[in-house]
Number of protein chains: 2
Amino acid sequence: MHDDIFTNLSDPSDLSDLSRLSLNQMTTKPWSVREAVEGCVCAGIPSIGLWRDKVAETGLQESARLVRDAGLKVSSLCRGGWFCAASARERQERLDDNRRAIEEAATLGTETLVLVCGPAADRDLPAARAYVEESISILLPYAQEHGVKLGIEPLHPMYVGDRSVIVSLGEANRLVQRLAHPGIGVIIDAYHVWWDPELEEQVAAAGGHILGFHVCDWLVPTPDMLNGRGMMGDGVIDLRRLRRLVETAGYSGPIEVEIFNQALWELPGMEVLHLMSERYKQCV
Amino acid sequence: MHDDIFTNLSDPSDLSDLSRLSLNQMTTKPWSVREAVEGCVCAGIPSIGLWRDKVAETGLQESARLVRDAGLKVSSLCRGGWFCAASARERQERLDDNRRAIEEAATLGTETLVLVCGPAADRDLPAARAYVEESISILLPYAQEHGVKLGIEPLHPMYVGDRSVIVSLGEANRLVQRLAHPGIGVIIDAYHVWWDPELEEQVAAAGGHILGFHVCDWLVPTPDMLNGRGMMGDGVIDLRRLRRLVETAGYSGPIEVEIFNQALWELPGMEVLHLMSERYKQCV
């Protein structure tokens, strides 16, 4: 499973082992849950981050059985959120869908449901942000009953128009503070937060409520705003610095590799897994 | 010059007149300085924001004469900055180039040189930000001697990898505070700051050192990360709210329309000027 059998797996600061590595399913988008699970086992990757659409294709119970039988940890389920909508009926439907996502997370055996919080239904960002807060506060008791925590993932500000009104770690931290509930936290994704001049202080401020850490890289130039993210080491993010900040803040959980990249999706999945494992050891 | 002859031109809160409108030359990129100046006169636009490459094509003295003879106000010159470089020699060359930009601004009769502050020469954003601060502090006395102020324009975070390490208004404001010099301020461009959850408080904090206000719109989807900006009203930015915030902070200067958009550049320039004047009245 590991390149170096002398590696101490229990030391989270050891950079040479894969014990904290998780495959976010988006990195091998063409793969089914079964293929991703088998790929992880084969490549010695101990955790997987699942996506709801993939889980639905395979079936919820079958997906849960596959990861359980393979001995994989499910680091998170992507994704809930998308609360804002133009009509009351739609907003209700979206809350209901989030309740189903919470149930699915519980069935899959993960503690973490990732929330993508947006976009606004109109041009009013402050109102949309207030509605996101209201929606999460409605869902928190239901999540707690199911043993699931909600992870607010601030997205990059370039997605504020079409994906998320929460676009900085500072804003996500303040939201967590206001909600003041043990079941809420943040997901720190390098791609979404690396630009932030407040990165150091906001990662520190997230200490105690970091529910996930995602990595990939920022390519220059960026080939596509959504599907142009890079393999670690191919871009300009100082990933090791960010990992150090996140660990200093107390996080020692899984590190998910989540890469939206069209070119990567055209490679054989096992090739992607080996490349990401190497780059994880070199760059993260 | 105005649609409504009863408009009170001296009232900055009056939304129906063009007295504060400025054409940033990038909006009519195919035009020379002469064409842009003639276009402004013809469309009743009283100010223009010039670009150094266009000024160089026409000649500095000739450009200065053209705007002066036309009675146009030069709202700003784009752009200085780009301080970071891998070698000491290159860094020196860039400082020298900024000194020339300051001289050009003075000759053109504008008080404002717009600074684009980046990108980093390597992966070290904190070091690049410190070097930007050092460079500006070196230039400030020279700018003051020439009667020119330096406007830090925070760019959208999606440009942190290739254009600017200053990517939020808060960071720009803190930089201005640390520099503590009457010749430094910020340029607020709607496209670059609209996503910010701290927009309201940071625009207020910029009060007293706002040197320019730029508008365009954010298109969903965005056709291109650099040249896919939208005409006001075609996107999702609440421009009127932002104008209100900027005016409440005390800014009553020119409002530059700066649109990087390939499709717009293919239209006849006068058509662009008429459209932007209409949209300015409707949406800004």
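## A walk through the predicted model

An α-helix has 3.6 residues a turn, so residues three or four places apart point the same way. Arg94(A) is partly exposed, at 29% relative accessible area, and Glu90(A) counts as partly exposed, at 29% as well.

Now for the sheet. In chain A, 8 strands close into a barrel, running β1-β2-β3-β4-β5-β6-β7-β8 with parallel pairing. On average, neighbouring strands are turned by 30 degrees against each other, if you ignore direction. Helix α4(A), spanning residues 88-108, packs on this sheet and touches β2, β3, β4 and β5 of chain A. Its direction makes about 175 degrees with that of β3(A).

Where does β1(A) meet β8(A)? Strand β1 (residues 21-24) and strand β8 (residues 255-257) of chain A pair in the parallel sense over 3 bridges, and Leu21(A) has Ile255(A) as its bridge partner in β8(A). Helix α11 of chain A (residues 269-283) lies across these two strands, at about 140 degrees to β1(A).

Glu247(A) pairs with Arg20(A), their closest N and O atoms being 2.5 Å apart. Glu247(A) sits in helix α9 and Arg20(A) in the segment before β1 of chain A, so the pair ties together parts that are 227 residues apart in sequence. Arg20(A) is buried, with a relative accessible area of 8%, whereas Glu247(A) counts as partly exposed at 23%.

Setting aside neighbours within four places in sequence, Asp189(A) is in contact with Glu153(A), His214(A) and Glu258(A).

Next, look at the loop between β5 and α6 of chain A, where you'll find Ser168(A). At 8% relative accessibility, Ser168(A) counts as buried. Apart from neighbours within four places in sequence, its contacts are Pro154(A), Leu155(A), Trp195(A), Asp196(A) and, from chain B, Pro197(B). The C-alpha atoms of Ser168(A) and Ile188(A) are 9.9 Å apart, with the two residues 20 apart along the chain.

Over in chain B, take helix α1 (residues 33-43). Its buried residues are Val33(B), Ala36(B), Val37(B), Gly39(B), Cys40(B) and Ala43(B). They cover an arc of only 160 degrees around the axis, which puts them on the same side of α1(B). What covers them includes β1, β2, α2, α3 and α11 of chain B. Just after the helix, Gly44(B) takes a positive phi of about 75 degrees.

Back to charges to finish. Arg241(B) and Glu200(B) form a salt bridge, 3.5 Å from N to O. Arg241(B) is in α9(B) and Glu200(B) in α8(B), so the pair ties together parts 41 residues apart in sequence. In chain A, Arg34(A), Glu38(A), Glu62(A), Arg65(A) and Asp69(A) are linked in a network of salt bridges. Over all chains, a search of the whole structure finds 36 salt bridges.

Methods
Residues numbered from 1 in each chain as written. Chains lettered and ligands numbered in written order. Predicted model: local features only at pLDDT ≥ 70, side-chain atom pairs only at ≥ 80, totals over all residues. Heavy atoms only, no water. Buried < 20%, exposed > 50% of the residue type's maximum accessible area, 1.4 Å probe, protein only. Helix = DSSP H or I, 4+ residues; strand = E, 2+ residues; numbered from the N terminus. Arc of directions from axis to C-beta. Contact = heavy atoms within 4.5 Å. Pairing = 2+ DSSP bridges. Axes fitted to C-alpha atoms, helices over the stretch in contact; angles between N-to-C directions. Salt bridge = Lys/Arg side-chain N within 4 Å of Asp/Glu carboxyl O.
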